[in-house]
Amino acid sequence: MLRLFTRSTRNIPLCQRFSSTLTADKYPNIKRGDFGKINDEDINHFSKILSPNQLITDSNDITGYNQDWMKKYIGQSKLVLKPKTTEQVSEILKYCNQRKLAVVPQGGNTGLVGGSVPVFDEIVISLASMNNIRSFDQSSGILKVDAGVILENADNYLSENGYIFPLDLGAKGSCFVGGNVATNAGGLRLLRYGSLHGSVLGLEVVLADGTIYNSMHSLRKDNTGYDLKQLFIGSEGSLGIITGVSILCPARPKSVNVAFLGLENYEQVTKCFQKAKSELGEILSAFEFMDKDSQLLAAQTLKTTHPLCQDDIEGIESVPEYPFYVLLETSGSNKEHDDIKLEKFLEDVMESEIVVDGTVSQDEQQLKTLWTWREGIAEASQQFGGVYKYDVSLPLDSMYKLVESVKERLNELELSSTEDNKKPVYEAVGYGHIGDGNLHLNVAVREYNKEVEKALEPFVYEFIESHKGSISAEHGLGFQKKNYIKYSKSETEINMMKDLKKHYDPNGILNPYKYI
Amino acid sequence: MSSKIKILVPVKRVIDAALKPRINKTKTGIESQGVKFSINPFDDIAVEEACKIRKNNKGLVESIHAVTIGSTKAKEVLRTALARGADTSTLIEINEDKQIEPLAVSKILKKIVEKEGSNFVILGKQAIDDDSNQVGQMLAGLLGWSQATNAAKIIIENDNLIKVEREIDGGVEVIEAPLPIVITTDLRLNEPKFIKLPMMMKAKKKPLGVLKPEDLNVEINDRLETISLDVPPTRKAGVMVKNVDELISKLKELEKQA
Ligand SMILES: Cc1cc2nc3c(=O)[nH]c(=O)nc-3n(C[C@H](O)[C@H](O)[C@H](O)COP(=O)(O)OP(=O)(O)OC[C@H]3O[C@@H](n4cnc5c(N)ncnc54)[C@H](O)[C@@H]3O)c2cc1C
C-alpha cells in the first residue's frame, strides 16, 4: 500500500508543480511594458466590433489561450478576441494601437518557443474563427485561405482536388496555415517542396495601426519593387497579423513509399543520405533521422511494437539495438519507376552495410504507422512532465555531436537518469530533418527548473555558434530565444530588424517581450 | 505425426484499405487510375498465420504456396506474400479490367490445390473490394473438405487435428476438424508484422510462376451483371435539442414537412 502511494505522488506532482508557474514569475527580470490596462470601456468598444461569442472574458475559458503546447509558458491574459473578418482585425488593432494595448496573435498555439501566448496581460487575438478556404484554382494549384484554416484541413481539401499542401508537420491537426507562415515552418517535406519563402505567393496582413496590406492577387512572377510579403514570413506576429494566405501547391504524388532503416552509427546516417540523394534524386521527399533514445521515448507513448522488432514481445515496449534510425520517403507519379529505384537503393545500402536492417511499408496503414515513430517523438518527449527543445541548424558532420555533448554534460552534472525519479532530466534525445541540416535536440524532463536551464543555456547556443550553425532552424525565436539571436545574427542584421519593427509597430504592441 | 501440412494461401490485390474508393465516371466500377493497391488485409493475415504455424510447429509444414488471380500487376502481392515467408507462388493471369466472380475463383483455386497437392488452405474471409465472403466456403464445397470460417485463433493439435476458434455473439465457438481443411481468417487472428529488407530481397529470387485459366481448363463465365454503381446518399446532419419541449416542436415541424 505504502509503495503504491509513494509511486503515485512521485509521478503526478512533478508534472503539475511547474505547469502552474506563471512566465512572469519564472522570469522576474522581465518587466511589464508601459502598455494600457484593459478597462470596461475597452471591453465595450470591442463588443461593438465583435458579437458576444467572439469575446472571451471568463477566466476558465481563457486558460487554454494563456498556456503553450509544452505547458512551459503561462500568461495572464484576461481577454481573448476571435475576429471573423479581416476588417474586424483591422478595427481591433487600430483601437489597440491608439490605446497602447499589447496583443498576442495566436494561431493553433502549437508554437514551441513560447511565442503564441501572453507573457503578462496581453490581449490574445485568436485566428480560430477565420477558417474559410477562399478559393482554389485547379489548373495553377493556387490556394487562398483564411489564416485560421487548420493545416490538415487545407491538405485534405487539396487532396480531393489532386494537390498537396507544400508543408507537413507533426502538429498538422492543430496548427493554422497563418501560424505556419508566421513561423516560417519547415517541417517534414521541405527537402522536396522548399521553404514557404518560395511557395507563398501573397499575403493579407493587418499592420499595428490597422492598415490592411494585401498581396493576395498571386502572381508567380512579379518583379515590381520590394517583395514585402517575405517580411511577414517568419515574423512571428511581431510586424502584423496575417489574415489571408495565398500559396502555390504542387500536384499530389500518386505513389508514396516509406522505408524505415536501422544503422550502426551516425556516420552511416550521413552516408545513407548522400546515397539517397544521388540514387533517388527527384523522388526523395523526406529523410529523417532518429537516435535510439528517441525511439525508446516514442515506444513508451505509442505502446506498439517497434517496426524493426521481430519477436513477439508481449506488453513491454522495446526497441532493437540500433543506435540510429532513418525514415526515408519517396514521392512520385509512377509507382513502378519509384519501386525500382527504391529497391535498387535499398539493395545497395544493405550490401555495402551502410544500413543493417530495415523495412518498407506494404500499404497505407503501415506507411502511417512508420511515420508515427518519427512524428510521435515530440509528444513522447514531454510525457514525464516537460521538455527543453532546441531546434538547430548545424553542418551535417558535427550535427549529432551536439546531442552527445549535452548528454555528457547532463551526466557530469548528475542531472539525468531514466530510472531515478528524483533527477530532473529523464533523457536527452536527438532526431530531425537530416535532409535540411536540421537537428532537434529534446531534453525530456520531469520538471522545468533553473538548474537544468543553466546547464543547457548558453551551452547549447555556444556550441552552435562555434560550429557556425543557427540557434533556430525552424521553430523561431519567440520568447525562449529572444536573447540569443546574437549567436546567429550580426549586429548590423539585428539593428536592421529593430529598425523595421520600430517603423511598423512604433508603440510595440505586437507580441512584446519576444522575437527581437 | 503422419502427414505433413502443405499450405496454400490465396491472396488478392485490392484498393488499399485506408483509401476511400471512388466510383468511375461511367458508374460501372471503381476508379482504379492513380489509386494505390495493396494486398487484401485479410489475406495478409492469412499469409502471416501460415508462417506462424510453420514457425510454431517445427518440421510440420512442408511448404507454403501463395496464389493470386489478377493482371501482371498482381505480382506485387505475391512478392509481399513471398517476403512474408511463402516459398513459392503462382499468378493466374487474367485481363486487367476483368472482374472475376467468387465461383470462378473457387474453381481455379480447386485446380491449384490439386496441382500443388495442398491439404491446408488459408485465406481471407473476404476481399475488401467486393466484400463477397464466398470463396472460402465455395472452395471447401467444391473440394468436399472441412471448413472453418472467420478464424480468430488456430491451434494445431498433436494428432493432426486442427482446432479453430471463432468469435460469435456472446462468446467463442471452438470447432475441430482433421486435414484437409479450408480456413478463412478474421481480423483478430494476428497482426501482420513489418517485413524486413533481407526478406524482401530474398523474395525476389523465389519462384513466381504464371498460368492462364485456360492452362487449368477452367472456363470463366460471368453470372452477374452490374447495372450501375452509386454512392449511398449522404446522411443529413442531426440537430441538437436543448429540452423536451424543443424536441416536440422539432418533431412537429418535421411532420409538417413530410
Ligand atoms: C508536434 C509538433 C511538431 C512540430 N513540428 C514542426 C516542424 O517539423 N517544423 C516546424 O517548423 N515547426 C514545427 N512545430 C512548431 C511550429 O512552429 C508550429 O507547429 C506551427 O508552425 C505554428 O502554427 P500555429 O498556428 O500553432 O501558431 P501559434 O503557435 O499559435 O503561433 C506561433 C507564432 O506565430 C504567431 N502567429 C500565429 N498566427 C499568426 C498570424 N495569423 N499572424 C501573425 N502572427 C501569428 C504567434 O504570435 C506566435 O509567435 C511543431 C510543433 C509541434 C507541437
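The following dialogue examines how several terms apply to this predicted model.

Student: Why is V244(B) called exposed?

Tutor: The relative accessible area of V244(B) is 55%, and exposed means over 50%; V244(B) is therefore exposed. This residue lies in helix α6 of chain B, which covers residues 244-257.

Student: What makes the nonpolar surface patch that includes V244(B)?

Tutor: The patch is made by V241(B), V244(B), L247(B), I248(B), L251(B) and L254(B), and its area is about 510 Å².

Student: What makes β14(A) and β16(A) a pair of strands?

Tutor: Pairing requires at least two bridges. Because 8 bridges join β14(A) to β16(A), residues 438-445, the two strands pair. They run antiparallel, and S393(A) stands opposite N438(A) in β16(A).

Student: How does the span of helix α1 of chain B stand against the expected value?

Tutor: Helix α1(B), residues 41-56, has 16 residues and reaches 22 Å from its first C-alpha to its last, close to the 22 Å expected at 1.5 Å a residue.

Student: Which residues of α1(B) are buried?

Tutor: Among them are F42(B), I45(B), V47(B) and I53(B), together with D43(B), D44(B), E48(B) and E49(B).

Methods
Residues are numbered from 1 along each chain as its sequence is written. Chains are lettered from A and ligands numbered from 1 in the order in which they are written. This is a predicted model: local features need pLDDT of at least 70, side-chain atom pairs count only at pLDDT 80 or more; totals for chains, interfaces and linings use all residues. Side-chain values use heavy atoms; hydrogens and water are left out. Patches are made of residues with over 30% relative accessible area and no salt bridge: like charges are joined within 9 Å, nonpolar side chains (Val, Leu, Ile, Met, Phe, Trp, Tyr) within 5 Å. Accessible areas come from the Shrake-Rupley method with a 1.4 Å probe; for residues, only the protein chains shown count as cover. A salt bridge is a side-chain nitrogen of Lys or Arg within 4 Å of a carboxyl oxygen of Asp or Glu. Helices (H or I, at least four residues) and strands (E, at least two) are DSSP runs, numbered from the N terminus. Buried means under 20% relative accessible area, exposed over 50%, partly exposed in between (1.4 Å probe, protein chains only). The expected span of a helix is 1.5 Å times one less than its number of residues.
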